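The questions below ask what stands behind the terms used for a protein model. Each answer sets a value against a definition.

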Amino acid sequence: MNDEALVQDYSPAAPINYATSQGSVRSLCQAVLTKALGASTNVALASGPDTSFTTYRDVQNMIPGGSFEVSSGVWVSARADLSISTYGAQQGSYSLRIQPNNTGAAYAILPVSLSVGQQYTMTAYIRIGTAQTGSLDGDSRRLRAVATVNGVEMVIARSNQAPNTASTTTKLTMTFTVPAGSTDTEVRLMNGATNSADNSVYYDSVMLVEGNGLDTNGTALAYFDGNTADTAAYNYDWDDVAGLSTSSRTALIDRSPDALIWQPGTNGIAFLQPILQATGRRLFQDLNGTWNLADNNYRVSGQTRIGYGYGLYRVTDLASRTATQTDGLPLFADAVILNYAWTESGTGKEKTARDVAGPSSYTKAYMPETIQAPYPGPGRAAYMLSRLKTRQRQLQVTGATDYTTRPGQEAVITTVDGGVQTGYVDAVVWDLADDSMEVVTKSLLAVLPGSVGNSPTGQTIGSITGTVTDYVN
């Protein structure tokens, strides 16, 4: 009837990273559906606002005191005088001044421990007060990464080159992978000029991180150190001595960026479902062909009424701690425990996580097999539990066929012994052979005799002109 099966059938041939779509779950759904169906696909907001699915990652800045607010003491000079200066500061009040003091090219050196085969990204801001003159090295005003490779010292990476223009600030960036056989790795802040004139350059906001230098949303990582102000998402701390040590950004929310990578072998619905459930959303296509994104406030128009003497054939009352629902989930559970296991992209590390919802003294937890997928963050277990708790008592009703019945509609069931019960349609199956339908309900509430809800059609509280005793039950 609809395209949901086509999305379940499709899997990409290569990983697709949707990091840039994390600001909008609706945009993410549209991108996945468009890819799976091969045509531009719109998703309507059936109920509730659009929401984000922000991912988080811990990062270490491997440069000790990269804003030079304390001193330049951790750097080693090569044919240069090193000092801190207020000129060209990007972060805080100071920058690192590199002034040539010899006839060879000047630079500053920082030995760092880098792993063979690992990718790194280094960034820095550079500024010059006057244009450099005299003999200039080809790597003047650049970043360099240097290593001894199989016994020979060599440059393994270079950044872009800042223009030789006075009073100009340039961001330098280099991303590189440490080659096999590398030892004695170091990074350099290149001046590249000699002491033939005032050829000073000024560096600030120097950062070295593992990976491609991008944040979880696909934008370049902003400079940070232990002086960066904490936020609702991250804490920033010095790893040792303030201003002279490396620093770390620690995520306060556990949600892996890998959750937004659509891997080969995973169909479109399976990729989206953890994200949707973690944000309290559902995605479905209605019979009109419209794809809908909805929260738990979504309601289907119309009403299904089946009653004794009015189309009711038989009723089975489903109230069991062991029975399963029409979608295979347990009928009863007062807690949900989800375990995740996956391999982290970029590092290859094996990761695990757990999401739990329910009271500490639960009696029966729904705990499926370990989910082989990146952790989508907290919230999915709570969403699943909220859905399960609405189904703990159900009626399985067989009655006369009504082809306007739809899952999600309000259901009103009247039986001989149970009176009137109201809830929602969970599933419907039409039997064409005997012209009947089977309706499974959820979220049932009994309307007891004498209650306000047990009234003739058309009667409301507002239609009563006298007191409540005039209300007909």
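Q: How is the model to be read, and how are its residues numbered?
A: This is a predicted model, in which local features need pLDDT of at least 70, side-chain atom pairs count only at pLDDT 80 or more, and totals for chains, interfaces and linings use all residues. Residues are numbered from 1 along each chain as its sequence is written, and side-chain values use heavy atoms, with hydrogens and water left out.

Q: Which residues does Leu172 touch?
A: Contact means heavy atoms within 4.5 Å. Not counting residues up to four places away in sequence, Leu172 touches residues including Met122, Ile126, Arg142, Leu143, Ala162 and Tyr203. Leu172 and Thr20, by comparison, are 152 residues apart in sequence and 23 Å apart in space, C-alpha to C-alpha.

Q: What makes a set of residues a nonpolar core?
A: The members are buried Ala, Val, Leu, Ile, Met, Phe, Trp, Tyr and Cys residues joined through side-chain atoms within 4.5 Å. The largest nonpolar core has 38 residues, of which Trp75, Phe176, Leu189, Tyr203 and Leu208 touch the most other members. Strands that each supply at least two residues of this core include S6 (95-100), S8 (119-128), S11 (168-177) and S13 (201-210). S8 gives the most, with five residues. A second, separate core of 22 residues includes Ala36, Leu260, Ile275 and Leu283. In soluble globular proteins, nonpolar side chains tend to be buried together.

Q: Which residues does Leu189 touch?
A: Residues up to four places away in sequence are not counted; among the residues touched by Leu189 are Phe68, Trp75, Ile98, Met122, Tyr203 and Val206.

Q: What makes the nonpolar surface patch, and how does Val70 qualify for it?
A: Patches are made of residues with over 30% relative accessible area and no salt bridge; nonpolar side chains (Val, Leu, Ile, Met, Phe, Trp, Tyr) are joined within 5 Å, and like charges within 9 Å. Val70, Val241 and Leu244 make a nonpolar surface patch of about 220 Å², with areas from the Shrake-Rupley method. Val70 has a relative accessible area of 41% and is therefore partly exposed. Val70 lies in the loop between strand S3 (59-61) and strand S4 (76-78).

Q: How do you know that Asp139 forms a salt bridge with Arg158?
A: A salt bridge is a side-chain nitrogen of Lys or Arg within 4 Å of a carboxyl oxygen of Asp or Glu. The closest N and O atoms of Asp139 and Arg158 are 2.5 Å apart. This pair links distant parts of the chain, with Asp139 in the loop between S8 and S9, and Arg158 in strand S10, 19 residues apart.

Q: Which residues are linked with Asp139 in a network of salt bridges?
A: Asp137, Asp139, Arg142, Arg144 and Arg158 are linked in this network. Asp139 forms a salt bridge with Arg142 at 3.3 Å and with Arg144 at 2.8 Å, N to O. The structure holds eight salt bridges.

Q: What makes the pairing of Asn339 and Arg354 a polar contact?
A: A polar contact is a pair of N or O atoms within 3.5 Å; within protein, one must be able to donate a hydrogen and the other to accept it, and residues adjacent in sequence count only if both atoms are side-chain atoms. The side chains of Asn339 and Arg354 make such a contact at 2.6 Å. Asn339 lies in strand S21 (residues 335-343) and is buried, with a relative accessible area of 16%.

Conventions:
Buried means under 20% relative accessible area, exposed over 50%, partly exposed in between (1.4 Å probe, protein chains only). Helices (H or I, at least four residues) and strands (E, at least two) are DSSP runs, numbered from the N terminus. Accessible areas come from the Shrake-Rupley method with a 1.4 Å probe; for residues, only the protein chains shown count as cover.
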